[in-house]
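Have the sequence and the 3D view open side by side. We'll walk through a few spots together, one at a time.

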Amino acid sequence: MLVTWKYRPRNTFIQRLDPRTRLIFMLCIIFAFTIPEIWDYRIILPLFALSLTLYLMARIEWKDVRRAWIYIFILVFFIVGLNGLLSGRGGPSSVTNLPSPVVFEVPIKIPFTEIGWDVPVTVSKIWFALNQMTRMITMAILAIPIPYTMDPNIYGTAFKRMGASDKVSFTMDLAFRFLPTFARDFTITMDAQRARGYEMEKLKGGIPTRIRKLAPLIIPVVMQSTVTGEEVIDAMDLRAFGTRQRTWVKDNLKYAPRDYLILGIGVAAFVSCCVLKWVFGIGEYFVPDFFMSLFV
Amino acid sequence: MPNQPLIIENLTFKYRTRPELALENISLKVNPGELLLIAGSSGCGKTTLARCINGLIPRSYRGERSGQVLLHGREVADMQISEIAQVVGTLLQDPERQIVASNVFNEIAFGPENLGLPRAEIINRVDQAISRLNLEYLRERETFNLSGGEKQKVALAGVLTMNPSILMLDEPLASLDPASAHEALEVFRSLADEGKTVILVEHRVEDAIDARPDRLLYMEDGKIKYLGPIRDLPPEIDHTKVKLPAPWVVQRVKALDKVPAATPKPEAGERGEPLVVFENVDFRYDEEYPLVLQNVNLKIYPGDLIAVLGPNGAGKSTLVKHAIGLLKPTRGRVLVEGEDTRKMSVAQIARTLGYVFQSPTHMLYAPTVREELEFGPKNLEFDPASIPQYVNESLLTVNLKGLDEYPPLGLSFGQQKRTTIAAVLAMRSKILIMDEPTAGQDFANYTRFMKALCDTSDNAQSILTANFAATIFITHDLDLAVTYANRVLLFGDKHIIADGKPQDVLKDDQLLRKYRVRPTSLLRLNLDLLPRTGRFLPAESLAAFA
Amino acid sequence: MNDNSTWAFGTRQVVYGAIGAALYGVLSWVTNIFPLPAAGNITFRPAVAVLIFFSVAYGPWVGLLAGFIGNTLGDALSGWGFYWNWSLGNGLMGLVAGLVMSQITDFRAQGQIIKAVIYGLIGIAVGMLFASLTEMFTGGIDFNTALFGYFTPAFLGNAIVTIVLLPILMVAFAAVASRRGR
Ligand SMILES: Nc1ncnc2c1ncn2[C@@H]1O[C@H](COP(=O)(O)OP(=O)(O)OP(=O)(O)O)[C@@H](O)[C@H]1O
Ligand SMILES: Nc1ncnc2c1ncn2[C@@H]1O[C@H](COP(=O)(O)OP(=O)(O)OP(=O)(O)O)[C@@H](O)[C@H]1O
Ligand SMILES: [Mg+2]
Ligand SMILES: [Mg+2]
């Protein structure tokens with residue numbers, strides 16, 4: 001198994017953007033939803049459209065992201081489903097307990113027991129579920145293309161230029177440097193133990209026993225890495241790391257007009273969500289009439 | 001003279017965690033433009049001395065230091081690390097662990113970046129280092145994918161950008177194929193010719209001679225035993241501790257009048273059924289990657305002692321991994337005792353074939369050596385009553401008796417390596433495969449265990465006669481092939497270039513050079529004496545004929 | 001430069017923060033591919049024990065960086081995107097567990113191992129509680145779901161892994177450390 005960081009240069013608008021722009025824009029959208037707690041579909045939908053547009057503009061191949069999408073859908077269904085089952089007081093989704101017509105009931109039974117109950121699915125719950133999905137996907141799809149479209153060599157510089165310290169920014173770069181190395185070490189260890197007759201597929205016993213039997217895979221990799229660390233510290237000290245303010249040679253990041261455009265949109269989205277919610281009280285959850293009329 | 005780059009006076013050092021002195025009373029003066037070779041067996045204090053020179057001692061390693069280390073007249077302990085870094089450039093043993101950036105350009109620029117130099121100046125220095133070492137073709141590459149030799153050169157470039165006047169090179173040749181090692185030595189020589197002081201740590205004196213060192217510093221137990229021109233090497237410098245050129249060894253042995261009897265090696269030949277068969281094997285790691293093996297045919301017979309030679313990245317490890325079923329051929333098949341590896345699990349094959357991986361740290365995990373050795377036999381579901389016997393026998397053969405209750409992770413590198421070999425021996429396989437068994441070991445140590453594993457004289461209770469039907473080792477050390485193998489495979493260009501007796505394969509100088517193997521003095525001497533000896537012998541035994 | 005005190009932040013912390021992050025990222029990614037035995041909706045992530053180990057051995061900053069960056073890398077490698085609250089939760093987990101660092105002088109001593117495990121469990125509780133509760137705002141779940149659907153399984157899964165593997169890692173490290181002795 002080789003960790004191939006899936007980055008590839010493509011000639012797209014998205015890749016011409018400054019990496020900082022993309023990170024900041026992503027945070028703007030996430031915070032626009034989560035800080036003022038927006039649940040109004042009239043705000044969610046336009047932002048969803050915006051995210052989806054940027055996602056499509058990144059032009060990543062479907063086969064690269066298929067797995068990611070499957071995961072996201074499972075996650076979303078899981079969350080939405082669980083929410084329906086366990087919903088009680090507190091938190092945003094308690095709004096779904098508002099009196100609202102019941103569409104159908106789902107009988108739930110805990111396997112091997114007699115315990116069970118009927119979960120009423122109301123119009124309000126269905127609409128909330130739709131809202132929830134759209135909102136989560138809007139936030140997720142901004143991050144999915146990043147590994148494919150952002151040069152891993154530029155993260156450190158990007159963080160540095162966003163105000164992080166030399167040391168924290170370089171930690172990021174160093175982590176990228178070691179990622180493929182450790183993936184390879186892990187593979188070699190797995191091969192070496194298999195050559196000694198270790199078969200992961202045949203782990204037997206209770207859960208603690210099975211976890212303990214992972215030790216032959218995990219310990220060599222971790223211990224090797226702690227030894228490597230000491231030498232890397234020497235190597236960095238010997239080249240004067242941390243003795244004064246660093247220069248970042250690849251520091252040629254510059255905002256272009258297109259960056260200001262995207263940043264403007266991101267900041268505007270965040271600010272207007274705050275203003276709408278806190279000044280005008282718009283953004284709360286409600287079931288629109290047209291949806292209600294579908295069922296009543 | 002203030003401009004003397006390095007003066008060491010009465011230097012003594014003891015690590016906080018060790019009772020004994022690591023360095024004792026070292027005094028030394030090195031001149032500009034001098035190339036100083038430091039040799040000595042493992043644990044004699046070479047790396048500790050290097051740490052005293054580059055300031056890691058007393059800065060990062062705690063202990064008691066006395067005496068003086070002066071860089072251009074200034075005491076190291078009083079200098080800022082950023083100042084030292086611009087005087088002493090250090091290249092560590094394992095370039096894999098010295099490289100801190102994902103990409104070559106960033107790696108070379110790392111030092112000047114830390115000094116906070118202006119961008120233009122940094123780029124200028126990087127360009128200079130790149131053209132100095134002819135690395136233009138690597139400039140845009142990822143460091144992860146570089147070969148060992150390329151990594152070493154990039155790490156050196158990263159050191160040169162600091163413009164140091166002293167270069168401190170701690171065993172820089174360990175994982176390189178002979179041709180790459182030679183190229184690296186040429187570079188070190190030319191840096192010395194340009195006026196830099198070069199300090200090269202290497203216990204294989206034979207190889208390091210290529211760099212034409214001005215003086216040799218020989219250490220034992222933290223003390224200087226000899227310092228002077230390399231030609232006048234006094235006889236007390238032990239040829240079993242450091243690797244000396246073969247003619248010198250012969251002289252010494254003759255002078256000491258202790259010529260050992262030559263031990264016969266069994267002849268390789270097509271005896272009985274082959275144990276492993278490769279039939280027209282092609283292999284690639286991924287559909288998008290090129291072939292690594294192409295049309296490989298090979299038969300391994302009982303009695304074979306095979307050395308596999310070839311350049312870095314040729315596919316030697318890939319080849320032997322097929323034998324144990326870790327990799328399955330893309331086309332063709334591999335048979336182990338007549339069965340296709342595709343139809344067997346690795347665990348099944350492990351009963352026939354034991355594989356010792358290159359680095360011991362990749363497999364050691366258990367709290368005691370004994371448990372480490374029991375791991376394989378238990379996985380293979382051996383009879384629990386017989387496991388202790390297997391374990392004890394293996395401990396005995398690699399000379400680890402007494403360490404059985406010790407944690408393997410707390411052992412020295414050489415002991416760890418022997419533990420991994422013992423762990424494989426305890427599985428009682430018929431064939432032993434070792435990937436670069438001598439890398440990172442000192443000369444005395446590896447001679448000892450290679451003898452134990454491959455020596456087949458009648459009285460030696462060797463492992464081979466006890467357990468193994470055949471042994472295969474991959475190596476960059478041509479002398480191992482000369483000394484211990486009865487069959488040599490030269491691997492290159494995706495297939496086996498030559499396969500035969502050592503004296504047949506290794507006599508073709510041109511072929512060897514083409515596949516980056518450099519003839520050594522031992523090989524030359526053996527070829528010269530072949531009419532009289534009839535077979536290849538270790539240097540000591542040649543004394544009887546020369 | 002090689003300061004070992006709890007809140008020092010130098011080359012040492014940068015290097016082990018990065019190494020911890022890369023390992024945590026790789027190992028979480030591996031277990032994403034080969035999921036381990038699960039009971040109910042508890043999935044096991046043995047990598048968590050590695051994160052806690054790095055925190056215990058190298059302190060809170062290393063724990064924070066390794067947890068935050070490592071989780072982000074693991075998610076990105078799997079192609080899942082960026083879940084800032086889980087990354088932050090993992091960071092907190094490492095940070096809190098790392099507070100025990102100055103009290104661990106002998107990685108083999110039973111009393112100290114127990115102490116490390118307890119700090120690890122507190123770290124897991126704090127980190128997972130943070131991530132689960134913030135999920136109320138990002139995922140729009142309610143308090144019960146956060147507590148029973150998220151926090152409980154995540155806490156239990158991570159706790160079991162840590163209780164089983166952390167002592168083994170610490171004992172192994174004692175042997176390695178005896179050889180280096182800085
Ligand atoms: N960090 C350390 N802490 C404690 N003792 C150490 C440390 N490093 C080395 N030593 C001890 O100091 C002595 C000299 O070791 P050093 O590494 O200098 O030897 P060396 O000549 O470089 O050996 P090798 O050829 O194996 O690299 C050895 O006994 C070693 O165990
Ligand atoms: N897991 C892998 N995935 C993809 N390519 C690989 C993998 N392992 C090795 N390779 C490539 O296959 C080729 C042969 O590698 P191999 O390790 O067999 O060489 P080698 O002859 O053992 O070299 P060395 O002397 O440096 O150990 C190299 O080009 C290497 O980059
Ligand atoms: Mg050394
Ligand atoms: Mg190899």
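Predicted model: local features only at pLDDT ≥ 70, side-chain atom pairs only at ≥ 80, totals over all residues.

Strand β16(B) and strand β17 of chain B, which covers residues 431-435, pair in the parallel sense, and four bridges link them. If you want to find one of these links, look for Leu353(B): its bridge partner in β17(B) is Ile431(B). While you're at β16, which takes in residues 353-356 of chain B, check where the side chains go. Leu353(B) and Tyr355(B) point one way, while Gly354(B) and Val356(B) point the other way, and all of them are buried.

Elsewhere in chain B there's an antiparallel arrangement to compare with. Four strands make an open sheet there, and their order is β12-β11-β14-β15. The edges of this sheet are β12 (293-300) and β15 (339-340), each of which pairs on one side only. Strand β11, residues 276-283 of chain B, is joined to β12(B) by five bridges, in the antiparallel sense. One pair to pick out is Val281(B) with Val296(B), its bridge partner in β12(B).

Next, find ligand 2. Which residues come nearest to it? There are 13 residues around ligand 2, and the nearest are Gly313(B), Gly315(B), Lys316(B), Ser317(B) and Thr318(B). A nitrogen atom of ligand 2 sits 3.3 Å from an N or O atom in the side chain of Tyr285(B). On the backbone side, an oxygen atom of the ligand is 3.2 Å from a polar atom of Ala314(B), and an oxygen atom of ligand 2 is 2.8 Å from a polar backbone atom of Gly315(B). As for cover, ligand 2 has 640 Å² of accessible area on its own, and the protein covers 64% of that.

Helix α11 of chain B runs over residues 316-323, and seven of its eight residues are buried. Just after α11(B), Gly325(B) takes a positive phi of about 80 degrees.

Let's finish with single residues. Setting aside residues up to four places away in sequence, Arg418(B) touches Val398(B), Asn399(B), Leu400(B), Asn445(B) and Phe449(B).

Lys223(B) belongs to strand β10 (residues 223-228) of chain B. Its relative accessible area is 39%, so Lys223(B) is partly exposed. Lys223(B) and Leu23(B) are 200 residues apart in sequence, yet their C-alpha atoms are 6.2 Å apart in space. Beyond its neighbours within four places in sequence, Lys223(B) is in contact with Glu24(B), Ile26(B) and Tyr218(B).

Now hop over to chain A, where Ala129(A) is part of helix α5 (residues 123-143). Ala129(A) is buried, at 14% relative accessible area. Ala129(A) and Ala158(A) are 29 residues apart in sequence, and from C-alpha to C-alpha they are 37 Å apart in space.

How values were computed. Residues numbered from 1 in each chain as written. Chains lettered and ligands numbered in written order. Heavy atoms only, no water. Near = heavy atom within 4 Å. Polar contact = N/O pair within 3.5 Å; in protein donor to acceptor, adjacent residues only side chain to side chain. Areas by Shrake-Rupley, 256 points an atom, 1.4 Å probe, with all protein chains shown as cover. Buried < 20%, exposed > 50% of the residue type's maximum accessible area, 1.4 Å probe, protein only. Helix = DSSP H or I, 4+ residues; strand = E, 2+ residues; numbered from the N terminus. Pairing = 2+ DSSP bridges. Contact = heavy atoms within 4.5 Å.
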